[in-house]
Structure formats: C-alpha cells, structure tokens
Amino acid sequence: MQDPSINELVRMWIAGWSVSRGAAEAVDEPWGWTIDVGVVGHVARHVLPEPAEPDVRKIAEATTAPGTWLKLFTEDAVARPWLGPQWRLDQPGYLMTVPLGAERPEVPAGYTVTTWTRGGIIRTLVRTGAGHLAARGQAGLAGPVAVPDQILTAPEHRRRGLGALVMRTLQNAGHEAGADTAVLVGTPDGRALYASLGWTTRSPMASLVYEPAAESAAEPGAEPGAESAAEPGAE
C-alpha cells in the first residue's frame, strides 16, 4: 500500500492528539485545520501540513488572542521569517510514525506498570516499588491510529529505559485496541528515543505561539502543556 501523504499523516495526528488533550474537533480550513484547545497559554492552534507564506501571514494578521499556536510542517528556518517578533519560536518538532504490532516489553526490576483506557485515552504509569511516580505517558485513539502524547520520565529515573518501556507499552495497548499505526510529533530528545524503537521521521514541524507583549523573539522554550520535564517528549 502506498505511504500516506504528509497531509494525511497530520490529519491522523491531530485526530488522536485532540482525543488525548480533550480538545475540540478540528475544523477544516483551506490550508489545514483549526483546533480549539482552551487551556491557559494554549487557546487554539492552527495546523498547516503544507504551509505557504501567504496563508501563514494571513492567519497571523487575523490573530489577536495570546496563546494561539501555529503548527507548520516545515523547517524552523523557513517559517521564522514569515512572522514578526510577537510570534515566539518554540523547540522544533518531528512528525514520526511506526506500524503497530503485539509486543510485551520487559519491566526493569524495581518498577511496576499499570495501564488503563478511559474515554479513548490509553494511560500508562510506571512506579517504584514504594509507589513513587517514575514515568508516565498516554495515547489518544482515533480509529486505526494511536497518538502517544505527554511522555514523561522523572529526572531521578532517567537513563533506565523507562521512556522506551512507556512507549512500547502504549504501542502494544494501541494495537490491542485495534490501531495499526502510531503517529506523533516528537521533541528533539524524543526523536532519538523513538528512532531507536523503529519510528520513522516524516517531516519537521515549526511551532510558534502568539505573544503580543514580547518586544523580540524569546529563547525557544517548552510549549505550555507539553513535556518540558520529560527526557523523551511527544508533543
């Protein structure tokens, strides 16, 4: 079967991401989709799988709400010149995919794993023997697609394979739920982990947020609601 286009992969991603975050249904636009998110620092997002400068500038000119995000599937260096300093460039993202199958990851000694599904969201929790949070993650289900999201490893438990454990557990649970493909947008750190687990990078993604009070572009930081505390991250 022919590989899906970037447009189709992005559509799959936003379908599962919206479930994971409890966001509104994506609204079709000529250039992509608009999604109401409704949390502090992240009011809404406009997603453009094949961004063109005139479309991006038109969206920017019409934007008045702080906390509006642009997700542009292109390189940062391409997107940055299209927007003024009131749009802060966040860390880059990478659209990635992997086929799903049955896999039972081995749990490292001293840890336990609990996995459950509620409201179309798979959640995985890794704890120490004393019950302390060591790692966690979730995945939104959208028909044949699972979208891992908010992958986090506690600082004191990093470099022990727990990020891989969370991902493999979510992938297996997604397969058991009927999904055959997983899609995510990974952070730079997350990309290395996911590649080691068989994920394929499909496209870069530039991420910008409207901050009209800013006098100049801020240093790249972590998107509100994303995985700033995580070692491996999924957007």
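Let's start with a definition: the expected span of a helix is 1.5 Å times one less than its number of residues. Helices themselves, along with strands, are DSSP runs numbered from the N terminus, with at least four residues of H or I for a helix and at least two of E for a strand. Now try that on helix H4, residues 162-176. Its 15 residues should span 21 Å, and the end C-alpha atoms are 21 Å apart, so the two values agree.

Before going on, a word on what we are looking at. This is a predicted model, where local features need pLDDT of at least 70, side-chain atom pairs count only at pLDDT 80 or more, and totals for chains, interfaces and linings use all residues. Residues are numbered from 1 along each chain as its sequence is written, and side-chain values use heavy atoms, with hydrogens and water left out.

Let's stay with H4 for a moment. Is this helix mostly covered or mostly open? Mostly covered: twelve of its 15 residues are buried, where buried means under 20% relative accessible area, exposed means over 50%, and partly exposed lies in between (1.4 Å probe, protein chains only). Among the buried ones are Leu162, Ala164, Leu165, Val166 and Met167. Just after H4, Gly178 takes a positive phi of about 105 degrees.

Now the whole chain. It has five helices and twelve strands. Along its principal axes, the C-alpha trace spans about 55 × 40 × 30 Å. The radius of gyration is taken over C-alpha atoms, and the globule rule is 2.2 Å times the number of residues to the power 0.38. For 235 residues, a compact globule would come out near 18 Å, and the protein chain has 18 Å, so it agrees with the rule. Buried residues make up 49% of the 235.

Which residues touch which? Contact means heavy atoms within 4.5 Å. Of the contacts with a separation of 6 or more, 67% are between residues 24 or more positions apart.

What is Ala135 in contact with, leaving aside its neighbours within four places in sequence? The list is Thr124, Leu125, Val126, Leu152, Thr153, Leu162 and Val166. Leu162 and Val166 are also among the buried residues of H4. As for distance, Ala135 and His157 are 22 residues apart in sequence and 7.7 Å apart in space, C-alpha to C-alpha.

Gly22 is exposed, with a relative accessible area of 61%. Gly22 and His46 are 24 residues apart in sequence and 16 Å apart in space, again C-alpha to C-alpha.

Gln150 lies in strand S10, residues 145-153, and its phi is near 50 degrees, a positive value in a residue other than glycine. Gln150 is partly exposed, at 21% relative accessible area. Arg159, in the loop between S10 and H4, also has a positive phi, near 65 degrees. Arg159 is exposed, at 77%.

Last stop, charges. Lys and Arg count as positive and Asp and Glu as negative, while His and the chain ends are not counted. Each charge is placed at NZ of Lys, CZ of Arg, CG of Asp or CD of Glu. There are 19 positive and 27 negative side chains, and the centres of the two sets lie 7 Å apart.
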